[in-house]
Structure formats: C-alpha cells, structure tokens
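Good morning. I have a few local features to show you today, so please look at the slide first.

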Amino acid sequence: MRAESLVLVLALAAGSPALAEELAAAPEATESIGEALFKRVDPSVVMISHESALGSGFILTPDGYIMTNGHVVMAPDAEDPKDVAKRITVTLYDDRKYPARVIGHGLDPDVALIKIDLDPGDEPLAPVTLGDSDAVHAGQRCFAFGAPLGLKRCLTGGIVSNVDRTDLGTFVPIIQMDAPINHGNSGGPLFNEQGQVIGINTYGFEQGQNLGFAVPINVGKVLREHYLKHGRILRAAVPTVLFQHVDDVMGKALGIPSGVLVGHVIPGSEADRAGFLAGDVIVSLDGAPVSAHELADVQRFNWRLVTREVGSSVTFGLVRPRAGAEAEAREIVFQLRQDERAPRSGNQVGEVPARIYETLGLGVQEVGAKARLTFNLPDAPGVLVSVVQPGTSAQKAGLSQGDILTRIEGVATPDPDRFAEELEKALKGRKKAIRLEIQRQKQTIQTAMAPYYALAGKKVAVLEPAAEAEWMELLRRGMLEAGAELVLLPPGEVKAAEVDALLLVGGPGSVAFQEDAAVAALVREAVKVKKTVAALGPAAVAVVKAEPSLLDKKMTTSEDQADKAMALQAKYTGKPVERDGKLITGTGFDKPAAKEFLKALVRALTPRGD
Amino acid sequence: MPHRSLPWIPVLLLVAGCAASVPAAPPVKSLSQLPPVRPVAPVDGGRYLKAVAEATDRVAATLERHLVYVEVTVEAGAGSGGAHGGGRRGGPQQPQGPQQMGMTGVVLQADGLVLIPVPLPKGRVQDLKIWAGGKEYAAEVQKIDERLQMTLLKVQVPGSAFVPVPAAERAFPRRGEWLVSLVCGGKDVDFQVFPGLGMVRGKVSGLFDQIVMDGGSVGMGTVLADLDGRIVGITRVAQNGMMMVPQALFFPEVIQKLELGKKAVEVAEAAAEPEDDEEDTSLPGKGKPWLGITMDPINEAYAEASNLPKEGIWVRDVFGGSPAAKGGLKPSDLLVGVNQHPFTRSGPRALEQLGKFTNPKVGTEVTFDVLRDGKPLTLTCCYEKAPEMADLQADDLGIQVRELTESLFCMTPGVYQREGVLVTSVVNGSAASRQMGPGDVIVELDRKPVRDLKAFTAALEDLRRRKAEVVLVKVCRGNRTAYVALDLTLRLHGKGDKS
C-alpha cells in the first residue's frame, strides 16, 4: 500500500496522474502486444530469395498473391528495367517452399506483386489484414517483420517517426520509423498495434541508426490493382511536370489562399491545348476542394491523379490570378492520357529500356518531352546517352551521360531504332572512326568514336533456332561490335572451312538442333577442320551429341538439359560458361550468363587474346 | 594488350641466345644495323667523383648569393570563388588558420626584386619575409603572373644583400646534360643553399617549354643551374602539392615573359586587385582582354574520319558584337594556327599552344589560320576590354543577380532561358534561401516581365515603394518555369530597406 501511494504522490507532483497510470501499466502491455502480434502475423510473412537477392514479403490472399518490394524481384539488368529474377523462391514460416512468378513490379513506388501456386491439398495460406496508412500518425507504435540478413521470422519494434517523408526523392511521401530494419527486411510488412499492415519496409540509411522507411500500404493497394489489370503501373499524364504547393507566403503572393499551383505547362502538350497556363491554381477536382500546403500534400495529390484510370476525365476547378484584376475562375475538363515512360533517375532504373553496346561502352534510350524538362536536357531530336563505361571507345569520344546523340555519320538518329540502324551500319562497315553529333545542353559537339574490332576479318556462322531462340539479339550485337562478319545461312549451306567459328544460339527452341542431321553434319565438319564451336543452352547438347570427340571436353548446358548431357556421358559441369579448347558452351540462364558466354567466344577468336 | 608486347619476345630470346652463340636469326640483323656505339676510354672512378663534387660545389658557391629564403603566411581562404558563389554550398564558411610556407627566391634586381615559383593567392597574403645574407627583410607582392604561375616580390629597403643573377644567354638544355639543383633552406638550417645533381631527360613543349628532369634531388621550387654556373631552370611549386615528373621552366624564357623592363616599378596593389592584363582567357570579366568566343579542341578520331587536321581548335560560340565577330570568326570555324604558328599538338595541348603564341592585351591583334568548310582563311581580331558585368545585390530578396547577356547565357551551364536576370548567389537565411538558387533566371518579378536588369530594378523599386510584404517571382529553372513566393518581412539583419 505504501509503495502504491508513493507512486501516486509522485505522479500528482508531475501533474499527470493518467499518464503515470499508463506508464505503470505499460511494460506488461508491451509484452502482450508483441507476443500476440508475433503469433498472429508469423504465418503471413514470407522470405523471398532468388539468384541475386534475398528479401521478405507478405501474403495477401489464401491462393498465393504476395506483396513485396520491386527491388526484391528485379534482375540486376541496366538494359531492361522490366526484367525480373529468373528463379524466385518463396519460403513460408513453416519452411514450405514454392517457386513464384512476378505479376507486376515497379521501383518507384517500390512495390511488387508476385504469385505462388499451391498444390491441391496444400494447406491454404494465412493472409495479412491490410490497414489504412492514411490513418497512421507519427509517434504510434509499429512493428517490422521479415528476414533481415536472412534471419527468418524476425520481429522488431519501434514507433512511427514521420508519415510525410519526402526527403528521399520518392514519388510518394513515405513512412519513417525507428523499428530496426536491415538488408533482407525489404518487402516485409510494417504492422500497427492491431497487427494490420500499414507499410512495406523498403529503405534504410546505412550511415544512420534506425532510420527506416516504408512505402504506405495504401500506395500498395492501388498498385495491386494496376498490376493485376495491366502488369505494371499505368500512369496518367497530369497537366504539368511538377505541381507546387501553396503555403501561407505563396497564398499571400498569389492572392489565393490555398490550392495546388501549376508551375509549368509543356508547350504543345495536351494540357496546353486544354487551356492550362503556368501560374494557374487548382482549387477543386471533380467539384471536391483540393489544397496542398507542403510538398507531401503535392505528392499525395499527384499520386491520386496519376493513378486514376487512363482515359477517364477529370474536371479541374482553377483560379487564374490576373495582374491588377480579380482572379478568374475556370473549369477545365481534362482527359487523362497515358503518361510517357519515365527514364532512370537516382537509383531507380526507370521504365525505359536502354540499348547497350557493351564493347563500345555506350547505352542509349528514348527520351520524352517530360523527361527532358525533369532532367534539364536539351530539346534536340535524338536519343539520350544513358550509359558511358569508363575506359571504352564511348568515353574516349568524350560522351557523357545526359548528352543527346543527334546524328551518326551525318544521319539523324531521332529514336533508338534509327540510332541502332545507323550505328550498326557503321560497325558492319568496320569504320575506323564513327562520327557522332551530340547536343550537350546548349552546345552542338562533333566527335567520333573509334571502336576496337577485336574480331576484324573473322567470320562467324550463326545458327538460330526456328522458334523460341534466346539471346540472339545480344549475341548478334556483340559479334557486330567486335567486328566479326556474321554468316546467317541454313546449316546445309554453311561451309565450315570458310568460317572461323560456328555459333549455335540457345533457347527452348534449340532443342530441335539435337535431332537435326544438317546441324550435326555441320558441327562434325567444323570440328574436323578445327574451328571454334560455341553453343548455348539446349544447343550445347546438340553439339556434343553430333561429334563424339567433344564428349571428352568439359561442357555445360541449361539445367533442364543436364539429364540429357549426362546420359550422353558428356563432361557436364553446370557452370554458367565452360570453355575447353575450341568448344565453348553456356547455360544461357540469364543475361549475365549470356554475356559471359559472348565474352568467352570473343576471347577464343581474338588472335592471342588469352 | 598481350598481342602488342609479344613481338618483343623473340628479340629478347635471341639477344639472350647470342651469348650462347646460337646461330643468328633475322631480328639480329636489324640489331646489327644500329650505328656502332663508340668505345669510351676507361675512367678513373675516384677522379670522376672528385670532379663531380668540385663542379657541384663551385656552382653552388657561385650562385648562392643570388638566392634568398622567402617565408609567406597566407590566410586560408574560400578558394578562388571571388565575389559570388560564396553561399552556394550552404552553411557558413569555416575560417581556417593561416598557412605558412617557405621557399627559395631568385634575386632579379639589385633594388630588391625577387622571383618565387608559386602564384600567391590574391589578397590573402598576410605576411612576407625574406632572408638574405642572414638578415630578415620585409617585402610585398609586386605582381602575380597567372600565366607563369609565379610571383614577383619587392623588398622595401634592400641594402646590399640582394645581388641580382647576371643575365645569361644559353640554349635550352639538351637531353643527357647534368644540372645542379639548388634550394635555399630556412632558419633551422641557417639559410644554407643545398645543391643536388640531376640529369635532363628531355623537353616537353606547351604553353611554356619545360625541362624534364630525373627525380632525385630535383623537387618543387628548386633552381637549376648548368655546370658553368648559369641558371637554366626553375621548378614551380605545384598548387596541389603534387608533381609526377619533375619539370622546370626554362629560366631565360621566364625572364623574357616577365617583361621586367616594362614593369620595373609597379606598385604593390597587385595582391589586392585582379590583374588587368596578362590573363590568358577568353572569358569576359572586369576589364580583361577578350575576343568573345568559346573554343574546344577537335576530337582526334573525328578529325581523322573527317579529313581534318588533328591539331585544331573548334570555335563554338561567337558572341554578337565581340572582337571575334568583328574579325569575321564564326561558330564551327576550325582554328589551325595562330600568329603564323600552326598548331602542332592536339587536344588540350593545342589550347596551350594557342596561349603560347598569343599575347592577350587590349589593343593587340591576333591572326588566326582558319579552316571553314575545309577552305583556309586568315582572320585578324583585335582584343578589346571585356564588357563589364555589373552584379546587383537585392538584399531584401536575399539574392545577387546579373543581366543575362549572350555570353553569360552561353557560358552558364543549365540555363536555357535567353532573356531575364540570372541569380548568381543566394544569401543564407534570407527570404530566397532554400527557395532559389544560382542558375535560376528570373523572368517575372511581382507579375511584371523581367527581360533585363533595368526591368528587374524597376520592379524591385516599385516593391520597395509599396513596402510589399510578399512577392511572387517567376523563374526559369533549367528548361521549365516555377513560381517562388518570397517573404520580404524576413530581411537580412532585421531591417534591410535600402530605398
């Protein structure tokens, strides 16, 4: 009794008896919340792993839809941002494992939807309950669940530090929390005390402590619908590059207390034609008032607008300030069209595929009007230089990222296809120096790129499967860059003595090579006249099957062909690429494996290149 | 590149094989075609070393009275930022302690003119002391030569301790010649002159011809003399403190470039005021000589592919009404020579040659050999004073602006807007702080169009008269527009009404 009254007296002295009671009761409450939460959500959180990364995820439906981060499932490929990991495995809390496929993914917002398929009779999955991230407040308790550094079923806790974090340059404001998260937590759920998901744990500051960030779950909910419907986020084009917020000072300066300010209208754009002007203040959307007092509000406004259905119409209520006169009120009915694809920005790889010429060290991509405004690029028709590798011909030509490449050998290159056409024309002609014109901000620069043709004078016969070929484009481009002459003829018409190498392109369709007598005859002839023979995936089996002497050589092939290789008693090693004498084989499992195969082939054909 | 180094292998094998009297093979034939090396008479090592010691000592003894020890105290500054750009990085400047450096000086004139091989930072020299004949003298900066990267100092009351180096004419040192390097030590070594010995490895031509020395005792700031006791070179103190290969300027050329006769007694304001001439730059600035062009060396591969000389410099921009425009230069002209000197080097070294063969001074002429659409032309331009660019400080907004002239437009990266006023700096903590930045172009102030500085000033005056509390500014940021609202009640120092 005495002890209790002492607590009460102290609490009264502090002036807040209610708080004191809460604090006195708190330790027990914390324990029970954490314990209960763990028990409840444990079966709903999964670990996701694939060939190059590890992360977490959470179950949305009993039949196997799972949400995670986009960066957890993406393939580390700069060329195609839509490319995803090839071998994604989901591990449930009870260690059951399932292969997964990607339904849709994006990197900003960093959300992916994947699906696993249960076998009949499998125990149904336990989905999470999704909360409402708009109702999250800074200071409320939160829990992160996931597999940090591969430590499965790991619960950490903390409080929400901020709900309006815009400092990371993300597309939407994100939640900041102090629940510790690490690599491997990515894609895992952030729970509130009720065990509802309020966010997707995504980023952390490595130089700080417990500065974690999560994508709000309401953003995830919108993306889930987009992914199910379109396989990706389908963004609607808003009337401006960037909306601006109207704070007190801006409100005073404009003479309009609140709203969303249109900072820039692209001349000739849909918005320009619809009648928007820079300086207009949007005060309502379909009759409902809107305002943005700070950047986070602007981002939320923008998000709501860009995720509306493409093709639908929006009625903007505007106020247009006029110098020395009453502001004018207007209404504009604006049809939302599909937005242009966004290029790379920061650590986001973007939506625009690049065309990368590895040997030249040059990558280019298309660039739209909006991207030019966002990244301060000149308005010249051309392709954007997005990759310049150090120490390559592209760098020696003085090219740099952000240049607009406008001409090759005097011919305009307004898009990547024209660019590729002209560049490849020059490469085929083995031009010593390829003249380029670039626009760097306001300067027009003439320069030239001098490729190093390692395979000049070499002829490579390329056999492409009739269907389902893989990496053909990559191999073709690589051979061309190295200066090799490609012979693309049916196997019956190729004379092995007249070429330096025989290249059999892989892919599922190349299984047919294994039963093709003409291919077998050509391989035997090539081996007889001591030519290099290279084959990818199932084609590798065709090669060793055709020529028994090759069974003594180390080789590799795609995983599904391993049994066949072993049945032939080939020296199958399973490595991504195998080179043994004049035989080069590769699995062709993913792009890095295909590139490695290409490199081995170029090295094998380069005079004294080893 | 293994395939490149491979052809050496058989040669080396055969050379090794010769000793074992393996029959001669073709590569040996080519070795035998080399001119025979003349046999050298046997040398008495002891006498040789004695002669070297005597020669080195003699040179040091002859020249030490012309060398002095210089100690400079420099206030650590914000770099070469100058008038604007101070607030660009954000955060207040942290003052650093002063830096002291000691170096060897060469006495050029008996009235106390001393050369040191480092450009002292303008306006930041706190203290300058010279020790000659064991005594301390006060000195001041007379001239900073940006081209040579050297400074002339002047001792106020020189006395008899300052013995000038005699004028000596001699040819550029040949490869293989041995030079004595001399360096003057400080107080802790009793201001002694220490000699060293080094060999000339070759010559590199550029803006100035440089003597390439072997390493050893040839460091930064040393003086090089030949074995007859004549000063032939001086090594500069690299500004970043790094020097890959010791290189020295040819001393007679340095003396010639200093033009001592013309500038015998010029007063010591050089340290505080930027030089009016001697600036090798086409950048417009205050009273600097300019031509009004921007240039860039031609890419070598491009030159080859286009059948153009590799040793060329593109003319990029020619500003309207500039001396270059008057002289007939046009964008995309290829400069292949200047003042009857064809360029013989490519890339940045062509630019060095351009600097070497021109003498940018207001009123002097420069003649360019030009290729225009493949046809040769000779064009002459006359350097004029660069147009002055007045900055306007708008304290109430917290920004400094400059009229966006054609040259400023061309030379400011990221600016696409041609008309308006350019923000050059933003005062931390002011109304514009974190709202605007250098590179923004103001196109509207208080809803009034701003095409030039005059319009900006008029709109600003109107704001001040009205005692406006907020103002709306429309800016071009890169290639898009944005609006900024400034709170004018947030004035720097509490009250900033300048009108």
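Predicted model: local features only at pLDDT ≥ 70, side-chain atom pairs only at ≥ 80, totals over all residues.

Residues are numbered from 1 along each chain as its sequence is written, chains are lettered from A and ligands numbered from 1 in the order in which they are written, and side-chain values use heavy atoms, with hydrogens and water left out.

First, the backbone. Most residues other than glycine have a negative phi, and most peptide bonds are trans. A:Glu409, which is not a glycine, has a positive phi of about 50°. A:Glu409 sits in the loop between β23 (404-408) and β24 (411-412) of chain A; strands here are DSSP runs of E, at least two residues, and helices are runs of H or I, at least four, both numbered from the N terminus. A:Glu409 counts as partly exposed because its relative accessibility is 22%; buried means under 20%, exposed over 50%, and partly exposed in between, with a 1.4 Å probe and protein chains only.

In chain B, B:Lys467 also has a positive phi of about 50° and is not a glycine. Its loop runs between α10 (453-466) and β26 (470-477). B:Lys467 has a relative accessible area of 59%, so it is exposed.

Which residues does a cis peptide bond join in chain A? They are A:Asp108 and A:Pro109, with omega at about 0°. A:Pro109 lies in the loop between β5 (97-105) and β6 (112-116).
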